[in-house]
Amino acid sequence: MNMGVHATDDTWPMVEEAVFRLFDELAGKGSPEHVAIGPRLAELGWSDIEAEYPVEACELLFRAQGRSLALTDCLDRTMLAELAGVTGRPADHVLLPGLTPGYLPGSDEQRVSGVLLGPLEGRLVVPVAGPMGTVSVGVVDASQLHGERLDTFDASTFWTRVSGPLDVPLAEASAQWNQALAAAQRALATELVALAEQALRIAVDQVSVRVQFGGPIGSFQSPRHALADAAARIAGARALLGESWRYGGRLSAVIAKAAAGRAHRAVSDVALQVCGAIGLTAEHDLHRYVTRGFQLDALCGSYDQLESYLSEQLFESYAPGRALPAVVTWAN
């Protein structure tokens with residue numbers, strides 16, 4: 001389902017089908033490395049598609065990635081597009097903030113620190129935190145850095161902890177980094193919602209065939225209510241995400257990712273409960289969508305980190321004793 005981003009041309013369903021087929025093919029290869037998807041997209045005439053549908057095309061890539069569990073460099077591509085004007089030289093990857101600070105660059109002017117999706121190779125755009133929330137960027141060759149593969153929650157992925165000296169020219173890029181981070185959060189939120197949708201589909205299928213007390217457990221009130229609540233969580237996250245894709249903006253991206261991460265967690269809890277022990281086994285598909293989502297939620301700020309950030313922003317503007325915005329009342 002397209003989450004609020006609508007293409008009107010009759011050819012769009014064919015584009016979706018081709019992209020879904022491509023990502024399913026990539027997922028079927030089972031490579032733990034992040035595939036450079038640019039050449040494969042070029043075969044589809046992707047530059048023309050992006051020119052015609054700039055928003056829809058980006059959203060589709062991450063929806064397809066979440067649905068298929070493929071590992072590609074889509075996130076790097078998305079962020080590099082926002083940083084292209086300030087890097088000064090070509091780059092292959094973006095060094096993401098470490099998992100503890102969540103959404104704040106971990107590098108300073110002397111040392112590189114962060115997380116890379118995939119193995120350490122090529123040239124990396126490194127964001128460097130400065131005073132008063134400013135960010136500069138520099139491009140560093142991977143050969144100058146040290147990489148250690150992370151022991152991740154989702155064993156099918158390949159993430160690298162990167163460190164090393166920083167000895168390259170830096171360019172002030174606060175606005176561009178904020179745009180790149182917002183684009184990443186929006187993209188990750190899209191993938192998280194797609195993962196949650198797949199987990200919910202598996203759970204619904206399971207309770208439709210699993211029999212207890214002479215009938216499918218999906219006919220009982222408790223699992224039906226739990227699954228309905230999970231579906232409502234996804235619908236809410238999808239609506240916020242659709243608004244973020246339409247109008248952009250840093251705050252909307254933070255809200256969308258926080259909502260998507262929380263929805264994925266809620267759906268995962270319900271799906272694991274109604275599927276029972278079979279859902280925890282390696283042979284069952286459910287765990288793949290659960291573990292991938294838990295891991296992706298940690299990138300660029302987990303839902304609890306982002307909710308804390310949002311609360312800090314609200315209380316900076318709204319002093320005690322003053323009414324909070326309507327969106328906060330609604331969310332509670």
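Visitor: How many aromatic pairs does the structure hold?
Guide: The structure holds 3 aromatic pairs, where rings of Phe, Tyr and Trp (its six-membered ring) pair if their centres lie within 6.5 Å. This is a predicted model, in which local features need pLDDT of at least 70 and side-chain atom pairs count only at pLDDT 80 or more, while totals for chains, interfaces and linings use all residues. Residues are numbered from 1 along each chain as its sequence is written, and side-chain values use heavy atoms, with hydrogens and water left out.

Visitor: How do the rings of Trp12 and Tyr53 sit?
Guide: The pair is edge-to-face, because the ring planes stand at 65°; planes under 30 degrees apart count as stacked, over 60 as edge-to-face and the rest as tilted. The centres of the Trp12 and Tyr53 rings are 4.8 Å apart.

Visitor: Which parts does that pair tie together?
Guide: Trp12 lies in helix 1 and Tyr53 in the loop between helix 3 (46-52) and helix 4, so the pair joins parts 41 residues apart in sequence. Helices here are DSSP runs (H or I, at least four residues), as are strands (E, at least two), numbered from the N terminus.

Visitor: Is Trp12 buried or exposed?
Guide: Trp12 is buried, at 4% relative accessibility. Tyr53 counts as buried too, at 8%. Buried means under 20% relative accessible area, exposed over 50%, and partly exposed in between (1.4 Å probe, protein chains only).

Visitor: At what angle do helix 1 and helix 4 cross?
Guide: The axes of helix 1 (residues 12-29) and helix 4 (residues 54-68) cross at roughly 40° and come within 9 Å. Axes are lines fitted to C-alpha atoms, for helices over the stretch in contact, and angles run from 0 to 180 degrees between N-to-C directions.

Visitor: Switching topic, what is the phi of Leu69?
Guide: Phi of Leu69 is near 70°, a positive value in a residue other than glycine. Most residues other than glycine have a negative phi. Leu69 is found in the loop between helix 4 and helix 5, and is buried, with a relative accessible area of 7%.

Visitor: And where is Met132?
Guide: Met132 is in the loop between strand 3 (123-129) and strand 4 (135-141). Phi of Met132 is near 60°, also positive, but Met132 is exposed, with a relative accessible area of 83%.

Visitor: How many residues of helix 5 are buried?
Guide: In helix 5 (residues 74-83), 7 of the 10 residues are buried, including Cys74, Asp76 and Leu83.
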